[in-house]
Amino acid sequence: MAQIPLGVKTHAQKVCSLYKRALRNLEAYYDRRHVYRYQAVLLRERFDKHAKETNMIKANEFLKEGEEELFLKQHPIPKYFATSPGGVAHERVVTPPDWVLDYWHPLEKAQYPEYFKKREQRKKEFVAMWEKEYGKPDEKDKHH
Amino acid sequence: MCFNSFFFLFFFMLINYFFFVYFIMNGLSVFFEWEIISFNSMSIVMSILLDWMSLLFMMFVSLISSVVIFYSKSYMNSELNLNRFIILVLMFVFSMVLLIISPNLISILLGWDGLGLISYCLVIYYQNLKSYNAGMLTALSNRIGDVMILMVICWVMNYGSWNYIFYFDFMKNDYVMFIISFMIIIAAMTKSAQIPFSSWLPAAMAAPTPVSALVHSSTLVTAGVYLLIRFNYLLIDMFFFKVLLFLSILTMFMSGISANYEFDLKKIIALSTLSQLGLMMSILSLGFPDIAFFHLLTHAMFKALLFMCAGVIIHMMNDIQDIRYMGGLSLYIPLTSLCLNISNLSLCGIPFLSGFYSKDLILEMVSFNSFNLMVFILFYLSTGLTVFYTFRLIMYVMINDFNLMMIYNLYDEDYIMLNSMFVLLFMSLLSGSFLSWFIFSYPYMIYLPFNLKLMVIYVSILGSILGFMVSNMGIYSLNKLLLSYNLSSFLCLMWFMPNLSTYGLSYIYLNFSQILFKNIDMGWSEIYSGKGIFNILKNYSVFYNIYQMNNFKIYLFSFILWFMILFIFFFI
């Protein structure tokens, strides 16, 4: 049960997320690498100034101010990678999910005999690998 | 399929060229009429008008589409459904040709609707979320124009036929013509993306690049301008030219500014197209339809070339369209950067390239005739802005340091794409002079003071210096965008008009329809029709089931009841 991800983030995770988003925002403004690197070093210095804060109330306040500043200064046209969500080429080429192959007609399956011979075995091995790493699913989760 | 279509369209272009030269030299114009049905006084007639304007436009459309189809053989070669794409493009060309040759409104409607629907199919060709949204925006904006043309058809029936070309000379100052002109202008504005309807053109860049090169630079968006050129008699005597002038000049200015803040390569070129469309509409509304037509044709050439170069660059960058990822490409893709530079310079109106002939003529006509000061200022300011964003684009993409993430992608030697670009390059260099010799049998007599004549050059030099300086500063030092954040957001998101025309118009109705849906469709109408009747029937059948459960008392009681009824009827 410890493998189910909870929605609560630690303070360190939130700060790191803010830092990464702020860096991506800087990349949107400064696209030549050496200029961006200079601004990124300045930003890192701002984060490092309050990095060793032990008082959690103050730390949360800094985090909140940082989020507010990022929101006010976000670039109106952020820089996305083309195939990532938000980019231009995201989901242009659709890969069908694996279970579609189970619905093929037997005549179609006969065109690839080697693959379909080993398919059931492969499925069993995959389920075994999953259960080894993440544990068996709870019986209560299978039905509403 | 690609090569067949290319050869067919190229041959069609040659035929059109020869007929165009013959027709314009001899001043001919051919009107075909085919009577489909004739019954007493009603007759349905299909007609085709071939004059020099239709033949010239058809020649340009078929040239650009043949070159684009040849280009997409290489551009879309990883596409599984290339046949579908080519067939859609061919259907598009067919609708455009139908629109060009038709002298009556019904076949214009067929071509117009075909253009709108097929451009929707082409925009949603890559089936991701952005394409679907863009397609919706394109289709619905074009639909408004379709509705307007349908209403024009209804109103023109007052005159007895749909052949509008017969009615201009003796129907001026008629109230019906007033309404018809109003609707035609709105239809042309939706198709050519003028100010209230301008949000679809940058969004439609979700389409594949060959589609943008053919559709969104030279054919679809110029259909509105072409319609107004055909209907230009309506503009001269009515007051509409002021409204159209105002909106088109604002479009020109707004898109020129937005292109300066935009970072997506295809969106910059789309906004540049929008700016030139505003220019065409404004010179049309000032009363010079032939100059507007001239600019339409030269613009088609270099804009299609520009889109194709952008396509090569996008292919190189693995589908990235953001210019912030690019830099210093001119040394590595020399032939493509040649085409890009020539088409950009032609767009700016550099002397003796093709754009110069049309743009300079337009600006000289504006200076020569005494119009409003605002008109004058906005025209020259927009010309300067054109040079500004062009130089900014060249600075970001071509000049400066190399900014790519990897080197091995630099592949310029795809000769299929290059050959198609060279055809358009040749035309983009020469079409200006070639068209000006054909269309204008005598030149316009323009007398201007010396500085006013050179004003274009001053504005271009100023624009190029500013473009160079601002890009330099923007790339290499503190980005001034942060200092004027509110103003920059306003200017780069197209004055928030896309938000107004999408959220602003539809939110209140969608909210209201949600309330209606929850209360009526899923509420009261379920009680009175669906679930309610089901519940009533179920309860009644539960009730009646008691009588069918073989209860002996029921049988005795019903026996007594029948006995009483029979007794009453027969013995009393």
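Chain B is divided into domain 1, residues 1-473, and domain 2, residues 523-571. The structure is a predicted model, and the predictor assigns the complex an ipTM of 0.80 and a pTM of 0.86. Chain A is likewise divided, into domain 1 (11-72) and domain 2 (98-142). Between chain B and chain A about 2600 Å² is buried.

**Domain layout**

- In chain B, the C-alpha centres of domain 1 and domain 2 are 75 Å apart.
- In chain A, the centres of domain 1 and domain 2, taken over C-alpha atoms, are separated by 45 Å.
- The UniProt record, an unreviewed entry, places the feature "domain: Complex 1 LYR protein" at residues 13-70 of chain A.
- That span of chain A, residues 13-70, is 84% helix and 0% strand, and its end C-alpha atoms lie 17 Å apart.

**Confidence**

- The average pLDDT of chain B is 89.
- A pLDDT of at least 70 is reached by 97% of the residues of chain B.
- Where pLDDT is low, predicted coordinates should not be read in detail.

**Contact between chain B and chain A**

- Chain B contributes 33 residues to the contact, and chain A contributes 26 residues.
- Of the area of about 2600 Å² buried between the two chains, 55% lies on carbon and sulfur atoms.
- R324(B), Y325(B) and Y485(B) together supply 23% of the area that chain B buries against chain A, more than any other three residues.
- The number of salt bridges between chain B and chain A is 1.
- A salt bridge joins the side chains of D319(B) and R92(A), with an N to O distance of 4.0 Å.

**Backbone features of chain B**

- Most residues other than glycine have a negative phi.
- F352(B), which is not a glycine, has a positive phi of about 75°.
- F352(B) belongs to the loop that runs between α13 (334-348) and α14 (354-368) of chain B.
- The relative accessible area of F352(B) is 59%, so this residue counts as exposed, the cut-off being over 50%.
- W495(B), also a residue other than glycine, has a positive phi, with a value near 60°.
- W495(B) is located in the loop between α19 (485-492) and α20 (497-528) of chain B.

Conventions: Residues are numbered from 1 along each chain as its sequence is written. Chains are lettered from A and ligands numbered from 1 in the order in which they are written. This is a predicted model: local features need pLDDT of at least 70, side-chain atom pairs count only at pLDDT 80 or more; totals for chains, interfaces and linings use all residues. Side-chain values use heavy atoms; hydrogens and water are left out. UniProt positions are given in the numbering used here, feature names are shortened, and annotations may be inferred rather than shown by experiment. Helices (H or I, at least four residues) and strands (E, at least two) are DSSP runs, numbered from the N terminus. Domain bounds come from an automatic or database domain assignment. Buried means under 20% relative accessible area, exposed over 50%, partly exposed in between (1.4 Å probe, protein chains only). pLDDT is the predictor's confidence in each residue, from 0 to 100. Contact means heavy atoms within 4.5 Å. Buried area is the accessible area (1.4 Å probe) that two parts lose on being put together, summed over both.
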